[in-house]
Amino acid sequence: MKKLISLLLALVMVLSLGSAAFAAPGDQADGKLTIWCWDQTFNIAAMNVAKEMYQAEHPDVEIDIQEVLWEDIESRIIASNGDTSTLPDITLIQDNAFQKEVINYPEVFYDITDSYDFTDFGEAKVAYSVVDGKNYGIPFDAGTVVAAWRTDYLEEAGYTVDDLTDIDMDRFLEIARDVKEKTGMPMLSGEAGAVDTVLILLQSCGGSMFNEDGSVNMKDNDKLKAVLDVYNTMVTEGLFIEVNSWDEYIGTLSNQSVVGTFTGCWILSTIMSLTDQAGKWAVTNMPAMTGVEDATNYSNNGGSSWAIINNKDIDLALDFMQMYRNVDFYDAILPTTSAIACFTPAKDAPNYTAPSEFFNGDAIFAKIVEFGALVPSNNTGAYYYDARSALATAKTNIIGGADMDSELANAEDTINFTMGF
Amino acid sequence: MTQTSGKRLTMHQKQNLWGWAFLIPATVLIFWLSFYPMIRALMISFQGGRPTALTWSDPLTRNYKFLVKDRVFIQSLKNTFTYLIIQVPIMLVLAMIFATLLNDHQLKFKGLFRTCIFLPCATALVAYSLIFRTMFSYDGMVNAVLVKIGILNEPINWLNNPNTAKAVIIIALIWRWTGYNMIFYLSSMQSIDYSVYEAARIDGAGAATQLFKITIPLLKPIILVTAIMSTNGTLQLFDESVNLTKGGPANATITMSHYIYNTMFQNNPNFGYAAAMSFVILILVAVLSAIQMKVGDKRE
C-alpha cells in the first residue's frame with residue numbers, strides 16, 4: 001500500500017512538472033485581454049488609462065496589464081516558436097524590431113490591414129509595422145527627436161535657446177566650442193557602444209543603413225560618412241562625452257555635467273523628473289547636417305507600436321484598441337506619461353496646447369507634434385539590429401583612429417554575411 | 001553469482017526491478033530535458049531558415065562552413081581564449097597559494113579567512129558584474145582611488161579600451177572564482193595526513209620542497225578537475241561579457257556564448273547558426289579536457 005502511494009506521488013510529481021511546462025495563460029475568445037508592455041511611468045500608465053476608459057463602457061471585460069521587459073517579450077516570442085498559446089492578446093513591440101519579429105514569426109501576428117482604420121496616423125510611423133504591404137501594428141508613441149538645452153549654461157556663454165533653433169551643424173559646432181571654452185562643459189553625451197546619435201543625424205537627412213530594396217547601404221553612403229565625420233569631430237574635441245552605459249548617460253543629465261541632449265522625446269519624462277532643475281531647460285529642434293542633401297532639423301529615435309496576437313480574442317482586442325483612435329484618451333495620458341501621440345487629431349486636444357510649467361510656460365507638446373510631422377522616414381527591415389551592432393563596431397574603431405572607408409566596408413561585409421544565410 | 005537457490009534469485013530479480021523502477025523517473029527526466037534537446041540542437045545545427053520553418057541546409061554543413069568566415073565569431077573565439085590563457089593559470093596558482101596558507105596549523109581565525117575568500121562565490125553573476133562595472137566606470141571608485149594615491153595622473157576609461165576592458169573582466173573572474181577552486185584544494189589538503197609533513201620535516205624538507213614534492217603531487221587529480229572545470233566555465237563565459245562590457249568596445253570583449261545569444265535574441269534570429277556555434281564550443285571543451293586528462297593523468 002505504502003509503495004503504491006509513493007509510486008502515485010512520484011507520478012503526480014512527474015506529471016505536474018510536465019503540465020507546468022505546458023500551462024498557458026488565457027485562451028481564444030474568453031472575454032479577457034492580457035497585455036504586455038514594459039514601462040510603469042509610460043506605456044503601462046497609458047494602458048491603465050485605456051483600460052479604465054474601456055471598462056467604464058464594458059464593465060464585464062477583464063483586462064490584465066502585465067509588466068514584461070522588451071528583451072523578455074522578444075525572448076518569449078522566440079520561445080513560443082509560433083505557438084501563440086503562451087503569448088498575450090496584445091503586446092507592445094519596439095518599432096525598430098517590428099519587421100524583424102513579423103518576418104520571422106508570421107504565425108504569431110494578426111494581419112490588421114482590413115480590420116483597423118489607419119487614417120490620421122503619421123505615415124512614416126505606420127510604415128515601421130508594415131511587412132509586404134500588410135499592417136501589423138497600431139502606432140503608440142512617437143520617438144520624435146527634441147533637443148533639450150540648459151538655458152542657464154547657455155546664458156553663461158552668451159547664448160539663448162533661439163540661437164540653437166533651426167541651425168545647421170557648422171553653427172552648432174561653433175556654439176559648442178564657444179560654450180566649452182567659456183563654461184568648460186560639453187554640449188552632449190551618449191553611450192559609447194550605441195549608435196543612437198549617429199542614426200538620429202542620419203535619419204534627419206533622410207538617410208538609412210538600408211536601401212529601399214533592403215540591401216545594406218554603408219560603404220557608399222555619403223550621408224553616413226558625413227554624420228560619422230561630425231560625430232568623430234564632436235567626440236575628439238570633447239564636445240560630446242562618451243560614457244559606458246545608459247545609467248551613466250542619464251547621470252550626465254541629472255549630475256548637470258552636460259549642457260543638454262538631443263534624442264527621442266521620451267527623454268523629457270526623465271528630464272521632467274529632475275524637479276530641482278525645473279525652469280532651467282528649454283526644448284527646440286536639433287541641428288541639421290551642413291552640406292548634406294535633404295538635411296532637416298527633425299528626426300526620430302525609438303518609439304513603439306501595439307501588435308495583436310493570432311489565435312487569441314482578436315475581436316475584443318481590436319475593439320479595445322479603438323481607444324488609440326480616441327482624442328480624449330490621448331489627452332488624458334499626456335500629462336502623466338508625456339507620450340506624444342502619432343494620431344494627428346490629438347494635437348488640438350486641450351492638454352497638448354497647454355503650457356508646460358517645467359519648461360517656463362512653453363507649450364512643448366504641441367511643438368513636438370509639429371516636429372513629428374516633418375520627420376523624414378527611414379528603412380529598418382529584419383536585419384536592422386545586425387546593422388546597428390556592425391555600425392557600432394565601425395564607429396568605435398573610427399574614433400580609435402581607424403580609416404572610415406575600410407571600417408564601413410567591413411561593417412557592410414559583416415551584415416551581408418549575416419544576410420547571406 | 002553464487003546464489004543458486006531459485007527463491008533467492010527471484011528476490012534478487014525483484015530488488016533489481018525495484019531499483020530500475022526508482023531509476024526510471026530520473027532517467028526519463030534526464031533524457032527528456034537534457035539528451036533530447038542536445039540531439040535536437042545537433043539536428044538544428046544542420047538546418048537554416050526562418051525559426052518556425054527550418055529546412056535542411058544545402059550542403060548540410062553550411063552553418064559550420066560559415067563559421068570560418070565569420071569575423072565576429074573569430075573575434076569572440078580569440079577573446080575567449082585570451083581569457084582562458086591568462087585567467088585560468090593565475091586563478092589556479094592563487095587558489096593553491098591561498099589553500100596552502102589557510103591549511104597552516106598555526107593560523108588563527110582560519111574560518112574567518114576561508115569565509116572571506118569563498119564569499120565571492122556566493123554572489124550572483126549579474127550582481128557582481130554590475131558592481132564591477134560601477135567600480136570601473138569613468139567616475140568610479142577605482143579611478144578615484146588610483147588618482148588620489150597618485151598612481152594615475154588622470155582617470156582611465158577602463159571599459160572603453162579593448163585591453164583594459166579585457167583586464168577588468170579577467171580581474172572580475174579571478175575575484176569571483178579563486179575561492180571556489182581554493183575550497184577544492186583545501187579539502188583535499190586536509191585529507192593528507194599531517195604525519196607525512198612531520199616526517200618530511202625530520203628529513204630536512206623546507207616549506208617549498210614540501211609543497212612541490214608532497215602537496216602538489218598528492219593533489220594532482222583535484223588540480224586536474226579544477227583545470228577542466230575552469231576551462232569549461234571560461235569557454236562558456238556569458239554573464240560578465242553581457243553585463244560588464246556588453247561585449248564592447250567594438251566586440252573587443254565579446255565571448256562565444258554572448259555572440260550565440262546575440263545571434264538568437266538580438267539580431268535576426270538564426271537558430272541553425274547559433275546551434276552550430278554551440279557545438280563548436282562543445283567540441284573545444286571536449287578536446288581541451290582530453291588534452292588536460294592526457295597531460296595530467298600520469299599515475300601508474
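Trainee: Which residues make the nonpolar surface patch of about 800 Å²?

Mentor: This is a predicted model. The patch is on chain B and covers about 800 Å². Its members are B:Ile30, B:Phe31, B:Phe35, B:Met38, B:Ile39, B:Met43, B:Trp56 and B:Leu60.

Trainee: Which helix gives the largest share of that patch?

Mentor: Six residues of the patch come from one helix of chain B. That helix spans residues 6–44. B:Phe31 lies in it. The name is helix α1 of chain B.

Trainee: At what angle do helix α2 and helix α13 of chain A pack?

Mentor: Two packed helices are described by the angle between their axes and the distance between the axes. Here α2(A) covers residues 43–57 and α13(A) covers residues 327–337. Their axes are 9 Å apart. The angle is about 140 degrees.

Trainee: Which hand does the crossing of α2(A) and α13(A) have, and what makes the contact?

Mentor: From α2(A) come A:Ala45, A:Ala46, A:Val49, A:Ala50 and A:Met53. From α13(A) come A:Asp328, A:Phe329, A:Ala332, A:Ile333 and A:Thr337. The crossing is right-handed.

Trainee: What phi does A:Asn311 have?

Mentor: Most residues other than glycine have a negative phi. A:Asn311 is in the loop between β12 and α12 of chain A, and is partly exposed at 46% relative accessible area. A:Asn311 is not a glycine, yet its phi is positive, about 55 degrees.

Trainee: Where does B:Asn251 lie?

Mentor: B:Asn251 is not a glycine either, and has a positive phi of about 60 degrees. Its place is the loop between α10 (239–245) and α11 (256–266) of chain B.

How values were computed: Residues numbered from 1 in each chain as written. Chains lettered and ligands numbered in written order. Predicted model: local features only at pLDDT ≥ 70, side-chain atom pairs only at ≥ 80, totals over all residues. Heavy atoms only, no water. Patch = residues over 30% accessible without salt bridge, like charges linked within 9 Å, V, L, I, M, F, W, Y side chains within 5 Å. Areas by Shrake-Rupley, 256 points an atom, 1.4 Å probe, with all protein chains shown as cover. Salt bridge = Lys/Arg side-chain N within 4 Å of Asp/Glu carboxyl O. Helix = DSSP H or I, 4+ residues; strand = E, 2+ residues; numbered from the N terminus. Axes fitted to C-alpha atoms, helices over the stretch in contact; angles between N-to-C directions. Left-handed = near helix turned anticlockwise from the far one by under 90°. Contact = heavy atoms within 4.5 Å. Buried < 20%, exposed > 50% of the residue type's maximum accessible area, 1.4 Å probe, protein only.
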